[in-house]
Amino acid sequence: MQPHWLIVGCGDTGSRVARNVLDSGGQVLALVRSSASRDQLRQQSIPAHAIDLDEQGPPAGRFTHVLYAAPPPREGDDDPRLARCLTAVTAVDRFIYISTTGVYGDCNGEWVNEERRPAPQTGRAGRRVAAETRVQGSGLPWNILRAPGIYGPGRIPIERLRDGAPVLSDAQSPWTNRIHVADLAQAVLAVAARAPADRVYNVSDGQPTPMAAQYRELAALLGEAPPPEISWAEAQERWSEMRLSFLRDSRRVSSDRLRQDTGWSPEFSTLRDGLKDCLRQAAVR
Ligand SMILES: NC(=O)c1ccc[n+]([C@@H]2O[C@H](COP(=O)([O-])OP(=O)(O)OC[C@H]3O[C@@H](n4cnc5c(N)ncnc54)[C@H](OP(=O)(O)O)[C@@H]3O)[C@@H](O)[C@H]2O)c1
(Lines give C-alpha, C1' and ligand atoms only; values in the text may rest on other atoms or scores of the structure.)
Protein backbone atom coordinates (compact mmCIF):
# COMPACT_ATOMS: atom_id res chain seq x y z
CA MET A 1 0.00 0.00 0.00
CA GLN A 2 1.31 3.46 -0.94
CA PRO A 3 1.83 5.71 2.08
CA HIS A 4 -1.11 8.02 2.70
CA TRP A 5 -0.31 10.80 5.16
CA LEU A 6 -2.71 12.96 7.12
CA ILE A 7 -0.80 16.11 8.06
CA VAL A 8 -2.60 18.02 10.78
CA GLY A 9 -1.23 21.55 11.07
CA CYS A 10 0.44 21.51 7.66
CA GLY A 11 2.54 24.64 8.07
CA ASP A 12 6.25 25.13 7.48
CA THR A 13 7.35 21.66 8.60
CA GLY A 14 4.26 19.81 7.42
CA SER A 15 4.31 21.22 3.89
CA ARG A 16 7.92 20.12 3.45
CA VAL A 17 6.99 16.61 4.55
CA ALA A 18 3.96 16.72 2.24
CA ARG A 19 6.01 17.67 -0.80
CA ASN A 20 8.47 14.88 -0.10
CA VAL A 21 5.71 12.26 0.30
CA LEU A 22 3.98 13.39 -2.90
CA ASP A 23 7.27 13.45 -4.84
CA SER A 24 7.87 9.84 -3.72
CA GLY A 25 4.49 8.70 -5.05
CA GLY A 26 2.53 8.76 -1.80
CA GLN A 27 -0.69 10.58 -0.99
CA VAL A 28 -1.32 13.44 1.41
CA LEU A 29 -4.27 15.17 3.00
CA ALA A 30 -3.19 18.40 4.66
CA LEU A 31 -5.24 20.17 7.32
CA VAL A 32 -4.81 23.83 8.25
CA ARG A 33 -6.99 26.31 10.09
CA SER A 34 -7.36 29.15 7.58
CA SER A 35 -8.60 29.21 4.02
CA ALA A 36 -5.55 31.34 3.11
CA SER A 37 -3.18 28.55 4.19
CA ARG A 38 -5.37 25.95 2.47
CA ASP A 39 -5.20 27.90 -0.78
CA GLN A 40 -1.42 28.29 -0.52
CA LEU A 41 -1.05 24.52 -0.15
CA ARG A 42 -3.39 23.85 -3.06
CA GLN A 43 -1.30 26.20 -5.21
CA GLN A 44 1.61 23.86 -4.49
CA SER A 45 -0.57 20.88 -5.51
CA ILE A 46 -0.88 19.67 -1.91
CA PRO A 47 -4.46 18.46 -1.27
CA ALA A 48 -5.70 20.49 1.68
CA HIS A 49 -8.78 21.24 3.80
CA ALA A 50 -9.34 24.12 6.21
CA ILE A 51 -10.62 22.83 9.57
CA ASP A 52 -10.52 24.59 12.91
CA LEU A 53 -9.51 21.91 15.39
CA ASP A 54 -11.05 24.04 18.14
CA GLU A 55 -14.39 23.11 16.62
CA GLN A 56 -14.11 19.83 14.77
CA GLY A 57 -11.85 16.83 14.30
CA PRO A 58 -10.22 15.64 11.08
CA PRO A 59 -12.25 13.78 8.45
CA ALA A 60 -12.39 9.99 8.55
CA GLY A 61 -10.09 8.13 6.21
CA ARG A 62 -7.58 5.30 6.05
CA PHE A 63 -4.19 6.84 6.57
CA THR A 64 -0.88 5.05 6.99
CA HIS A 65 0.76 7.98 8.78
CA VAL A 66 -0.43 10.96 10.77
CA LEU A 67 1.90 13.91 11.31
CA TYR A 68 0.43 16.16 13.98
CA ALA A 69 2.17 19.56 13.85
CA ALA A 70 -0.49 21.97 15.11
CA PRO A 71 0.22 23.82 18.36
CA PRO A 72 -1.94 23.46 21.49
CA PRO A 73 -4.25 26.38 22.37
CA ARG A 74 -2.69 29.36 24.15
CA GLU A 75 -4.51 28.70 27.41
CA GLY A 76 -5.62 25.86 29.63
CA ASP A 77 -3.75 22.82 30.85
CA ASP A 78 -4.55 20.36 28.07
CA ASP A 79 -4.70 20.11 24.28
CA PRO A 80 -8.30 19.58 23.17
CA ARG A 81 -7.27 19.97 19.51
CA LEU A 82 -5.09 16.92 19.72
CA ALA A 83 -7.73 15.09 21.75
CA ARG A 84 -10.24 15.63 18.91
CA CYS A 85 -7.76 14.30 16.39
CA LEU A 86 -6.92 11.22 18.45
CA THR A 87 -10.62 10.40 18.77
CA ALA A 88 -10.97 10.47 14.98
CA VAL A 89 -7.87 8.41 14.15
CA THR A 90 -8.53 4.79 15.04
CA ALA A 91 -5.84 2.95 13.11
CA VAL A 92 -2.57 4.11 11.62
CA ASP A 93 0.89 2.69 11.08
CA ARG A 94 2.51 5.64 12.87
CA PHE A 95 1.29 8.76 14.65
CA ILE A 96 4.07 11.34 14.76
CA TYR A 97 3.63 14.26 17.11
CA ILE A 98 5.85 17.37 17.02
CA SER A 99 6.41 18.60 20.54
CA THR A 100 9.02 20.94 21.99
CA THR A 101 12.15 20.63 24.09
CA GLY A 102 10.42 23.16 26.36
CA VAL A 103 8.96 20.14 28.19
CA TYR A 104 12.35 19.66 29.92
CA GLY A 105 12.14 23.04 31.66
CA ASP A 106 15.31 24.63 32.99
CA CYS A 107 18.20 22.14 33.12
CA ASN A 108 20.93 24.52 34.36
CA GLY A 109 22.73 24.30 31.03
CA GLU A 110 23.20 20.52 31.21
CA TRP A 111 23.14 18.26 28.16
CA VAL A 112 19.69 16.72 27.90
CA ASN A 113 18.62 13.48 26.28
CA GLU A 114 15.24 11.75 26.16
CA GLU A 115 15.85 9.91 29.46
CA ARG A 116 15.44 13.17 31.33
CA ARG A 117 12.03 13.55 32.93
CA PRO A 118 9.95 16.44 31.64
CA ALA A 119 9.72 19.25 34.18
CA PRO A 120 7.58 21.95 32.53
CA GLN A 121 7.82 25.36 34.15
CA THR A 122 5.28 27.29 32.06
CA GLY A 123 1.65 26.70 31.12
CA ARG A 124 2.82 26.42 27.51
CA ALA A 125 5.20 23.57 28.31
CA GLY A 126 2.60 21.96 30.60
CA ARG A 127 0.13 21.76 27.71
CA ARG A 128 2.81 20.06 25.63
CA VAL A 129 3.39 17.46 28.33
CA ALA A 130 -0.38 16.89 28.49
CA ALA A 131 -0.40 16.43 24.70
CA GLU A 132 2.53 14.00 24.82
CA THR A 133 0.73 12.01 27.51
CA ARG A 134 -2.34 11.78 25.28
CA VAL A 135 -0.25 10.53 22.34
CA GLN A 136 1.50 7.95 24.53
CA GLY A 137 -1.83 6.69 25.86
CA SER A 138 -3.58 6.63 22.49
CA GLY A 139 -3.06 2.93 21.75
CA LEU A 140 -1.64 3.94 18.34
CA PRO A 141 2.02 3.31 17.40
CA TRP A 142 3.57 6.72 18.05
CA ASN A 143 6.70 8.82 17.99
CA ILE A 144 7.17 12.16 19.66
CA LEU A 145 9.70 14.58 18.17
CA ARG A 146 10.82 17.31 20.54
CA ALA A 147 12.04 20.35 18.60
CA PRO A 148 13.95 23.36 19.99
CA GLY A 149 13.72 26.75 18.22
CA ILE A 150 12.75 26.16 14.60
CA TYR A 151 14.34 28.52 12.07
CA GLY A 152 14.38 28.66 8.30
CA PRO A 153 13.71 30.91 5.33
CA GLY A 154 11.46 33.78 6.42
CA ARG A 155 11.97 33.01 10.11
CA ILE A 156 15.30 34.54 11.07
CA PRO A 157 15.60 37.87 12.92
CA ILE A 158 16.80 40.12 10.08
CA GLU A 159 14.45 43.01 10.93
CA ARG A 160 15.26 42.84 14.63
CA LEU A 161 18.95 42.98 13.85
CA ARG A 162 18.54 45.94 11.50
CA ASP A 163 16.38 47.71 14.09
CA GLY A 164 19.28 47.43 16.56
CA ALA A 165 17.31 45.22 18.95
CA PRO A 166 19.47 44.16 21.91
CA VAL A 167 20.39 40.63 22.94
CA LEU A 168 21.40 39.14 26.28
CA SER A 169 25.13 39.25 26.96
CA ASP A 170 26.77 35.83 26.69
CA ALA A 171 27.65 35.90 30.38
CA GLN A 172 23.96 36.06 31.31
CA SER A 173 22.48 34.09 28.45
CA PRO A 174 21.01 30.61 28.69
CA TRP A 175 22.07 27.93 26.22
CA THR A 176 19.74 27.99 23.25
CA ASN A 177 19.18 25.24 20.69
CA ARG A 178 17.88 25.25 17.14
CA ILE A 179 16.85 23.14 14.19
CA HIS A 180 16.48 24.22 10.56
CA VAL A 181 12.94 23.47 9.41
CA ALA A 182 14.22 21.42 6.46
CA ASP A 183 16.14 19.19 8.87
CA LEU A 184 13.08 18.81 11.10
CA ALA A 185 11.05 17.69 8.08
CA GLN A 186 13.76 15.17 7.18
CA ALA A 187 13.70 13.91 10.78
CA VAL A 188 9.95 13.27 10.48
CA LEU A 189 10.54 11.22 7.33
CA ALA A 190 13.47 9.34 8.87
CA VAL A 191 11.42 8.48 11.94
CA ALA A 192 8.50 7.29 9.79
CA ALA A 193 10.82 5.10 7.74
CA ARG A 194 13.21 3.68 10.32
CA ALA A 195 12.43 4.43 13.95
CA PRO A 196 10.89 1.90 16.30
CA ALA A 197 7.44 2.91 17.50
CA ASP A 198 6.71 4.33 20.94
CA ARG A 199 9.92 6.29 21.28
CA VAL A 200 10.64 9.96 21.93
CA TYR A 201 13.29 11.82 19.92
CA ASN A 202 14.96 15.17 20.40
CA VAL A 203 15.55 16.88 17.03
CA SER A 204 18.30 19.47 17.36
CA ASP A 205 21.33 20.39 15.26
CA GLY A 206 23.53 19.59 18.26
CA GLN A 207 25.19 23.04 18.30
CA PRO A 208 23.82 24.91 21.31
CA THR A 209 24.94 28.52 21.67
CA PRO A 210 24.17 31.56 23.80
CA MET A 211 21.24 33.59 22.49
CA ALA A 212 23.39 36.31 20.88
CA ALA A 213 25.31 33.90 18.64
CA GLN A 214 22.53 33.74 16.06
CA TYR A 215 22.40 37.54 15.84
CA ARG A 216 26.19 37.91 15.64
CA GLU A 217 26.44 35.24 12.93
CA LEU A 218 23.61 36.84 10.97
CA ALA A 219 25.17 40.30 11.36
CA ALA A 220 28.46 38.99 9.98
CA LEU A 221 26.73 37.39 6.98
CA LEU A 222 24.75 40.58 6.23
CA GLY A 223 27.66 42.94 6.86
CA GLU A 224 25.70 44.65 9.66
CA ALA A 225 26.93 45.77 13.07
CA PRO A 226 26.67 43.15 15.82
CA PRO A 227 23.68 43.64 18.14
CA PRO A 228 23.98 45.67 21.33
CA GLU A 229 24.07 43.57 24.50
CA ILE A 230 22.04 44.03 27.67
CA SER A 231 22.01 42.42 31.09
CA TRP A 232 19.29 40.15 32.46
CA ALA A 233 18.11 43.01 34.70
CA GLU A 234 17.65 45.28 31.66
CA ALA A 235 15.94 42.51 29.71
CA GLN A 236 13.41 42.12 32.53
CA GLU A 237 12.50 45.76 32.16
CA ARG A 238 12.24 45.73 28.36
CA TRP A 239 11.01 42.32 27.21
CA SER A 240 7.63 40.60 27.47
CA GLU A 241 7.05 37.89 30.05
CA MET A 242 6.56 35.44 27.18
CA ARG A 243 9.98 36.20 25.75
CA LEU A 244 11.65 36.09 29.14
CA SER A 245 10.05 32.72 29.89
CA PHE A 246 11.95 31.17 26.95
CA LEU A 247 15.18 32.60 28.35
CA ARG A 248 14.72 31.18 31.84
CA ASP A 249 15.34 27.68 30.49
CA SER A 250 18.94 26.71 29.84
CA ARG A 251 19.80 23.31 28.38
CA ARG A 252 21.88 21.72 25.66
CA VAL A 253 19.86 19.30 23.61
CA SER A 254 21.32 16.03 22.35
CA SER A 255 19.86 14.22 19.33
CA ASP A 256 22.15 11.19 19.58
CA ARG A 257 19.21 8.80 19.88
CA LEU A 258 17.68 10.02 16.62
CA ARG A 259 21.01 9.77 14.85
CA GLN A 260 21.64 6.26 16.15
CA ASP A 261 18.15 4.86 15.52
CA THR A 262 17.53 6.35 12.07
CA GLY A 263 20.85 7.53 10.62
CA TRP A 264 19.42 11.06 10.43
CA SER A 265 21.88 13.91 10.57
CA PRO A 266 21.16 17.57 9.94
CA GLU A 267 22.08 19.05 6.58
CA PHE A 268 22.51 22.38 8.38
CA SER A 269 24.68 21.30 11.27
CA THR A 270 26.08 24.75 11.96
CA LEU A 271 24.23 27.98 12.48
CA ARG A 272 26.33 29.61 9.77
CA ASP A 273 25.32 27.04 7.13
CA GLY A 274 21.67 27.25 8.14
CA LEU A 275 21.59 31.03 8.06
CA LYS A 276 23.35 31.11 4.71
CA ASP A 277 20.64 28.82 3.34
CA CYS A 278 17.92 31.14 4.70
CA LEU A 279 19.54 34.18 3.07
CA ARG A 280 20.10 32.33 -0.20
CA GLN A 281 16.44 31.30 -0.35
CA ALA A 282 15.30 34.83 0.53
CA ALA A 283 17.40 36.13 -2.37
CA VAL A 284 15.83 33.77 -4.93
CA ARG A 285 12.23 34.45 -3.90
N1 LIG B 1 8.36 27.96 16.55
C2 LIG B 1 9.24 27.18 17.14
O3 LIG B 1 10.41 27.55 17.29
C4 LIG B 1 8.81 25.82 17.64
C5 LIG B 1 9.67 25.10 18.45
C6 LIG B 1 9.31 23.82 18.83
C7 LIG B 1 8.10 23.27 18.42
N8 LIG B 1 7.25 24.02 17.66
C9 LIG B 1 5.99 23.39 17.25
O10 LIG B 1 6.29 22.51 16.16
C11 LIG B 1 5.11 22.35 15.36
C12 LIG B 1 5.45 22.58 13.89
O13 LIG B 1 6.00 23.89 13.75
P14 LIG B 1 5.86 24.70 12.38
O15 LIG B 1 6.77 25.85 12.48
O16 LIG B 1 5.93 23.78 11.22
O17 LIG B 1 4.35 25.22 12.52
P18 LIG B 1 3.59 26.34 11.67
O19 LIG B 1 4.29 26.61 10.38
O20 LIG B 1 3.29 27.48 12.58
O21 LIG B 1 2.21 25.59 11.33
C22 LIG B 1 1.24 25.34 12.28
C23 LIG B 1 0.03 24.81 11.55
O24 LIG B 1 -1.02 24.52 12.50
C25 LIG B 1 -2.24 25.00 11.96
N26 LIG B 1 -3.16 25.29 13.06
C27 LIG B 1 -2.96 26.12 14.12
N28 LIG B 1 -4.07 26.14 14.89
C29 LIG B 1 -4.98 25.33 14.30
C30 LIG B 1 -6.32 24.97 14.59
N31 LIG B 1 -6.97 25.45 15.66
N32 LIG B 1 -6.97 24.12 13.76
C33 LIG B 1 -6.31 23.63 12.65
N34 LIG B 1 -5.04 23.92 12.33
C35 LIG B 1 -4.38 24.77 13.14
C36 LIG B 1 -1.87 26.27 11.18
O37 LIG B 1 -2.88 26.58 10.23
P38 LIG B 1 -3.01 28.12 9.70
O39 LIG B 1 -1.78 28.40 8.90
O40 LIG B 1 -4.24 28.11 8.86
O41 LIG B 1 -3.12 28.98 10.93
C42 LIG B 1 -0.57 25.78 10.52
O43 LIG B 1 -0.85 25.04 9.36
C44 LIG B 1 4.06 23.30 15.94
O45 LIG B 1 3.23 22.61 16.83
C46 LIG B 1 4.91 24.30 16.72
O47 LIG B 1 4.19 24.91 17.76
C48 LIG B 1 7.58 25.28 17.25
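Reply: Happy to. Let's start with a rule for helices: the expected span is 1.5 Å times one less than the number of residues. Keep in mind that this is a predicted model.

Me: What does that rule give for helix α4 (residues 123-136), and how far apart are its end C-alpha atoms?

Reply: Helix α4 has 14 residues, so at 1.5 Å a residue it should span 20 Å, and the end C-alpha atoms are 20 Å apart, which agrees.

Me: How many of the residues of α6 are buried?

Reply: To judge that, count neighbours: a residue is buried if 20 or more other C-beta atoms lie within 10 Å of its own, and exposed if 12 or fewer do. By that count α6 is mostly covered, with 10 of its 14 residues buried. Among them are V181, L184, V188 and V191.

Me: And which residues of α4 are buried?

Reply: In α4 the buried ones are A125, R127, R128, V129, A131, E132 and V135. What covers them includes α3 (80-88), β5 and β7 (142-147).

Me: Which residues have the most contacts inside the largest nonpolar core?

Reply: The general idea is that in soluble globular proteins, nonpolar side chains tend to be buried together. Here the largest nonpolar core has 62 residues, and I7, A30 and Y68 have the most contacts inside it. Helix α6 gives the largest share of this core, eight residues. Apart from it lies another core, of six residues, including Y104, V112, A125 and V129.

Me: Which residues is I7 in contact with?

Reply: If you leave aside neighbours within four places in sequence, I7 is in contact with G14, V17, A18, V28, A30, L31, L67 and A69.

Me: Is G61 buried or exposed?

Reply: G61 is exposed, because it has 11 other C-beta atoms within 10 Å. You'll find G61 in the loop between β3 (48-50) and β4 (65-68). Not counting residues up to four places away in sequence, G61 touches L6 and L29.

Me: Where does G154 lie?

Reply: G154 lies in the loop between β8 and α5 (158-162). G154 counts as exposed because it has 12 C-beta neighbours inside 10 Å. Along the chain G154 and C278 are 124 residues apart, but 7.2 Å separates their C-alpha atoms.

Me: Now the ligand. Which residues come nearest to it?

Reply: There are 23 residues around the ligand, and G9, G11, T13, S34 and S37 come nearest. To describe such a shell, sort its residues by type: here you get 10 nonpolar, eight polar and five charged. Then ask where they come from: α1 (12-23), β5 (94-100) and β8 (149-151) each supply at least two residues, and α1 gives the largest share, three.

Me: What does the chain's radius of gyration say about the whole?

Reply: You compare it with the value for a compact globule, which for 285 residues would be near 19 Å; the chain has 19 Å, so the two agree. Along its principal axes, the C-alpha trace spans about 55 × 40 × 40 Å. The chain has 11 helices and 15 strands, and buried residues make up 40% of its 285 residues.

Note on methods:
Residues are numbered from 1 along each chain as its sequence is written. This is a predicted model: local features need pLDDT of at least 70, side-chain atom pairs count only at pLDDT 80 or more; totals for chains, interfaces and linings use all residues. A residue is near a molecule or strand if its C-beta atom, placed from the backbone, lies within 6 Å of it. Helices (H or I, at least four residues) and strands (E, at least two) are DSSP runs, numbered from the N terminus. Ala, Val, Leu, Ile, Met, Phe, Trp, Tyr, Cys and Pro count as nonpolar, Asp, Glu, Lys and Arg as charged, and the others, Gly among them, as polar. A nonpolar core is a set of buried Ala, Val, Leu, Ile, Met, Phe, Trp, Tyr and Cys residues joined through C-beta atoms within 7 Å. Two residues are in contact if their C-beta atoms, placed from the backbone, lie within 7 Å. The radius of gyration is taken over C-alpha atoms; the globule rule is 2.2 Å times the number of residues to the power 0.38.
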